[in-house]
Structure formats: structure tokens, C-alpha cells
Amino acid sequence: CNDNISKEVIQEVKDYNFFDDDEIDDMKNEMIANLLNGMQNLLLKNKSHIKEYKKIRKLHNEVMKSMMEYFQQGKFELKIDNDIENIGKNGISYINSKFDTSTELGIQAIANIMVYKNACNMNCITEEFIKINRFRTQAKIELLESMRNSEAGLFEITETDRDNGQVHLKNVLNNKEYCITDIGFSSNLHNDKIYLYTRIITYHGVSFGTGLNLAFDKNDEVIRKW
């Protein structure tokens, strides 16, 4: 029944020529992905490791909210070490970028730049929170340490465990492997065709992505050249 309704909606949109065929396909794929994700959540919600994962994600969201408020109040100043020229000579390139903060992706991108340790010569909010003893609860103090030690990279998805809502990843740059809990990606039907850029936090034995997930087609020319 739901499938018939989806087909009717898609056909109606086509009839009115609001979108081209590629956009219709994107809409259909998104509807399927949302349906699979919803089913996965229902099937996995009572598993003990999923309950623990959701508890940790809730804690992470609380910490991130505090960090974003700290940033918005102008209490954090991004600083770059004066030795940046020497670092640049070692092959690091810098580009000017703008982020659309009206989109979730733009907010996530800014958060990842400000919150996490992206370069040895840049400060970040996580380090600042540790230095000023921002939190008193042991759980949040330990999470800050895990956030500071998190790893960003381009990952190949080597195995998808839909029964447990987990995905096995290998960093294509250093071959380090992780098993992350991610219900959405565990229900993705095309994991074998993509590379995933994300940042991984491991806290109390549970690994998960920070929220900024970018998928790249393995056959993309830029990826193959890289």
C-alpha cells in the first residue's frame, strides 16, 4: 500500500513537470532510504548495544549544544600558530571556504572545524573545554578526551552488519579499521559502491560518526586520482 502511494506521488510530480527525471530518482531513493532506516530503528531499538549507543549519542549532543552556545556567544577564537608557513612548505594547502549555515550540512561542517582537532597548529573548542574544566561530570570529561582523540578520514565500507546496525570501515590512508554503530548506513543498499568521509569517536568501546558524513562514488574521477 505504501509503495503504491509512493508511486502515485512520484507520477503526480512527473505529470506537473516540477522536477526532471534525475530529481525524481533522487526523491524516490530518499523515500526508500527513509523507509529502510525507520524499519531498522524499530527492529534494533531493544538491543542492548543500540540502547548504549543512543545514550552516548544523547550525551554527545548535550556536549555539542554547549559548545555551539560557547561559540555563538563569542567565547571561542580560532587561532593558527605563527609557524603555519613552515607547515605549508611541507605540502599542506589552504583554501578560502564559505558554509551555508541555513543548511544542516553547513552547520555540521563549521562544527567539525571549530570543535575537533583538525591540525596540530590549530586550537579547537574540545581542547579549550578540557583546559578550562568546563564540565564536572566524569562522563562528559571522558567524552571530551574521546572527541579530542577522534579520527577523521576517508573510509571504505568493508562490511555491513544490518542485524546489529553496524558498519565496518577501513581508513584508505592508513588502513586503520573501525566498527561503528550507524543504523542509517547499516540499512544503505549501496555501501559497496561508496567511500565515506567522516570523523569517528570511540567512547567506552563504542565507535560512531560525529554527524558529518559525506559519501563519494568509488568511480568518481577525483577519488580515483586521489
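Visitor: Hi! How many residues does helix H3 have, and how far does it reach from its first C-alpha to its last?

Guide: Hello! In this predicted model, helix H3 covers residues 48-72, which makes 25 residues. The helix reaches 36 Å from end to end, close to the 36 Å expected at 1.5 Å a residue.

Visitor: Nice. What comes just after H3?

Guide: Look for Gly74 there; this glycine takes a positive phi of about 75°.

Visitor: Which residues of H3 are buried?

Guide: There's quite a list, including Ile50, Tyr53, Leu59, Val63, Met64, Met67 and Tyr70. Arg57 and His60 are on the list of buried residues too.

Visitor: And the largest nonpolar core, how many residues has it got?

Guide: That core has 24 residues, and Met67, Val115, Ile125 and Met147 are those with the most contacts inside it. Among the elements that give two or more residues to this core are H3, helix H5, helix H7 and strand S4. H3 gives the largest share, eight residues.

Visitor: What does Val115 touch?

Guide: Leaving out residues up to four places away in sequence, Val115 touches Met64, Met67, Met68, Cys124, Ile125, Thr126 and Met147. Another core, of 10 residues, lies apart from the largest one, and Phe155 and Leu196 are among its members.

Visitor: Changing topic: is Gln166 buried or exposed?

Guide: Gln166 counts as buried because its relative accessible area is 17%, and the cut-off for buried is under 20%. You'll find Gln166 in strand S2, residues 166-171.

Visitor: Which residues does Gln166 touch, beyond those up to four places away in sequence?

Guide: Its contacts include His49, Thr160, Asp161, Cys179 and Ser186.

Methods: Residues numbered from 1 in each chain as written. Predicted model: local features only at pLDDT ≥ 70, side-chain atom pairs only at ≥ 80, totals over all residues. Heavy atoms only, no water. Helix = DSSP H or I, 4+ residues; strand = E, 2+ residues; numbered from the N terminus. Buried < 20%, exposed > 50% of the residue type's maximum accessible area, 1.4 Å probe, protein only. Contact = heavy atoms within 4.5 Å. Expected span 1.5 Å × (residues − 1). Core = buried A, V, L, I, M, F, W, Y, C linked by side-chain atoms within 4.5 Å.
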